[in-house]
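Visitor: I have a protein model open on my screen and would like to learn how to read it. Could you walk me through it?

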Amino acid sequence: MDQNNEPIPSRRDPNRGKKNKIWKIILLIAVLFIAAGTAYGVKLATEVKNTADKTYVPTKKKLPVVDLSQQKPFSVLFLGADTGTDGRDGYRGNSDTMILTTVDPQSKKTTMVSIPRDTAVQIIGTKEFTYQKINSAFNIGGATMAMETVEKLFNVPINYYALIDMAGLKKMVDAVGGVDVDVPFSFTSTETGNQHFTKGKMHLSGDMALAYSRMRKEDNSGDFGRQKRQQQVISAVVGKVISLNSLTRVQSILDAVSDSVKTNIKLGQLMTMYQNYRGALKTIKQDSLKAKGAFITQNDQQIAYVVAPTDDLQRISDQSRAALGLDKETLDNEETRQNKLQTNFDWNTDANQYTYQFFPQTGTSNN
């Protein structure tokens with residue numbers, strides 16, 4: 001026996017040479033397999049990085065840094081542009097979908113807050129004071145202006161954005177094998193091709209998910225109902241993605257959506273999120289900013305908006321800041337100022353009103 005209690009082969013063992021030769025062959029084969037696997041892994045990882053690099057577009061301003069390796073909470077603004085289909089390629093358009101998302105690893109919860117696209121706000125970052133629908137911020141100044149406007153609306157720092165067009169949503173759903181949603185009521189979407197949806201559980205392909213997300217006419221809740229359906233689809237896609245354990249599947253998804261997605265999240269950050277935040281991403285709470293229909297007179301024209309009450313703006317602010325580990329602060333922005341000046345607006349009715357008056361101000365910074 002040697003010092004490790006392993007048997008020492010006899011010098012007279014006639015099979016020793018053959019045994020050593022066999023083990024050398026086995027070891028050689030193993031090394032070849034490992035080398036081949038490593039080469040394939042490196043090649044695949046390189047392809048994933050190259051594809052992910054196509055989606056990376058940084059913002060025009062410096063954003064607060066999040067230490068993802070320490071599982072710190074972060075926020076993402078999801079933007080959905082109604083482009084990429086119906087001949088709208090190459091057109092920036094408005095961000096008809098805006099969802100402020102906070103990821104809190106401590107409570108293991110992700111909260112998605114939909115912002116109605118017609119919400120009346122001050123657009124932050126324009127040269128002159130601009131009061132418009134919030135979905136115009138992206139059209140005017142891209143993702144940076146959209147982020148700045150939402151940050152000011154809720155007094156919440158936003159770390160990342162992710163923009164996807166309608167064609168990308170369809171491709172992403174198909175890339176994950178379709179999604180399962182709970183349809184709230186039966187309807188036929190006449191605006192998108194007469195697709196029929198039956199109340200209850202349904203498995204949707206990319207085409208069906210796109211129609212489901214875009215429908216508005218058949219929903220009595222209008223844009224608010226559409227927001228909830230969009231959240232359903234996005235939540236279902238997220239659930240599918242975080243369940244993946246194959247780099248090849250990740251590559252197929254990136255290939256499918258690389259031309260339709262833009263984000264300031266780098267591949268390394270994305271992989272860290274995937275590894276460190278899966279618990280929080282598995283529990284998704286859906287929420288929305290409550291708002292009322294109103295007609296506001298601007299330049300002698302009455303324009304249909306929705307206006308958000310101060311108490312709900314404050315609710316979203318408090319909830320989002322808490323998820324990010326920040327103290328609550330009382331909102332003080334153009335939206336709360338306009339709300340204070342209303343004397344005839346009825347916040348308790350759901351009917352569209354003509355009594356929300358816009359009070360312009362001069363000499364005000366737009367930042």
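Visitor: What should I know about the model itself?

Guide: This is a predicted model, in which local features need pLDDT of at least 70 and side-chain atom pairs count only at pLDDT 80 or more, while totals for chains, interfaces and linings use all residues. Residues are numbered from 1 along each chain as its sequence is written, and side-chain values use heavy atoms, with hydrogens and water left out.

Visitor: How many residues does α9 have, and how far does it reach from its first C-alpha to its last?

Guide: Helix α9 has 14 residues and reaches 20 Å, close to the 20 Å expected at 1.5 Å a residue. The expected span is 1.5 Å times one less than the number of residues.

Visitor: Which residues of α9 are buried?

Guide: Buried means under 20% relative accessible area, exposed means over 50%, and partly exposed is in between (1.4 Å probe, protein chains only). In α9 the buried residues include Asp312, Leu313, Ile316 and Ala323. Among the elements that cover them are β2, β3, α2 (136-154), β12 and α10; contact here means heavy atoms within 4.5 Å.

Visitor: Now the strands. In what order do they lie in the open sheet?

Guide: Two strands pair if DSSP finds at least two bridges between them. Here six strands form an open sheet in the order β11-β6-β1-β2-β3-β12, with mixed pairing. Strands β11 (261-263) and β12 (284-288) are at the edges with a single partner strand each, so one side of each has no neighbour in the sheet. From one strand to the next, the twist averages 20°.

Visitor: Which helices pack against these strands?

Guide: Helix α3 (residues 166-175) packs on the sheet and touches β1, β6 (160-165) and β11, its direction making about 90° with that of β6. For such angles, axes are lines fitted to C-alpha atoms, for helices over the stretch in contact, and values run from 0 to 180 degrees between N-to-C directions. Helix α9 (residues 310-323) lies across β2, β3 and β12, at about 155° to β12.

Visitor: Is strand β2 mostly covered or uncovered?

Guide: Mostly covered: ten of the ten residues of β2 (residues 95-104) are buried. Strand β2 pairs with β1 (residues 74-81) in the antiparallel sense over eight bridges, and Val76 stands opposite Thr101 in β2. Six bridges join β2 to β3 (residues 109-114), again antiparallel. Across that pairing, Ile99 stands opposite Ser114, and Leu100 has Val113 as its bridge partner. The hairpin of β2 and β3 has four residues between the strands, and there Lys108 takes a positive phi near 55°.

Visitor: How many salt bridges are there in the whole structure?

Guide: A salt bridge is a side-chain nitrogen of Lys or Arg within 4 Å of a carboxyl oxygen of Asp or Glu. A search finds eleven of them. One joins Arg117 to Asp96 (3.4 Å, N to O). That pair links distant parts of the chain, 21 residues apart: Arg117 is in the loop between β3 and β4 (120-122), and Asp96 is in β2. Arg117 is buried at 14% relative accessible area, and Asp96 is buried at 14% too.

Note on methods: Helices (H or I, at least four residues) and strands (E, at least two) are DSSP runs, numbered from the N terminus.
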